[in-house]
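Welcome! Take a moment to look at the model below, and then we will walk through it together.

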Amino acid sequence: MRADHFATRRFWYVALSLLALGTAGALLLPDTARTQTASADWTTPLTAYGHPDLQGNWTNQTLTPFERPKAGGRS
């Protein structure tokens with residue numbers, strides 16, 4: 001057999017082993033670690049008008065352009 005065949009088989013063995021370990025690890029976690037529940041004493045902060053308060057760190061940086069480039073887009 002060729003050397004690249006052994007490398008391909010080794011890749012699949014490693015990939016399937018990692019997948020099995022990840023699945024087993026997720027199944028062994030207790031329910032409290034898998035599901036996040038809000039505590040009973042916490043309430044959503046509201047503005048003076050009763051709407052949810054969305055203050056925080058917001059950015060306008062994005063990887064998706066809003067317009068197509070003139071050279072590469074359809075006309």
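Predicted model: local features only at pLDDT ≥ 70, side-chain atom pairs only at ≥ 80, totals over all residues.

Thr23 belongs to helix H1, and its side chain comes to 2.9 Å from the backbone oxygen of Leu19.

Is Thr23 buried, exposed or partly exposed? Its relative accessible area is 40%, so Thr23 counts as partly exposed; the partly exposed class lies between the buried limit of 20% and the exposed limit of 50%.

## The chain as a whole

Now step back and view the whole chain. Its secondary structure consists of 2 helices and 0 strands. Of its 75 residues, 0% are buried. The chain exposes about 8,000 Å², and 61% of that area comes from carbon and sulfur atoms.

Return to helix H1, which covers residues 3-28 and holds Phe11. How many aromatic pairs are there? The count is 1. The partners are Phe11 and Trp12: their ring centres are 5.2 Å apart and their planes meet at 70°, so the pair is edge-to-face. The cut-off behind that label is an angle over 60 degrees.

Finally, look for Gln55, which sits in the segment after helix H2 (31-34). Why does Gln55 count as exposed? Its relative accessibility is 70%, and exposed means over 50%.

Gln55 can also be placed relative to Pro45. The two are 10 residues apart in sequence, and their C-alpha atoms are 9.8 Å apart in space.

Technical notes:
Residues numbered from 1 in each chain as written. Heavy atoms only, no water. Helix = DSSP H or I, 4+ residues; strand = E, 2+ residues; numbered from the N terminus. Buried < 20%, exposed > 50% of the residue type's maximum accessible area, 1.4 Å probe, protein only. Phe/Tyr/Trp six-rings, centres within 6.5 Å; stacked < 30°, edge-to-face > 60°. Areas by Shrake-Rupley, 256 points an atom, 1.4 Å probe, with all protein chains shown as cover. Polar contact = N/O pair within 3.5 Å; in protein donor to acceptor, adjacent residues only side chain to side chain.
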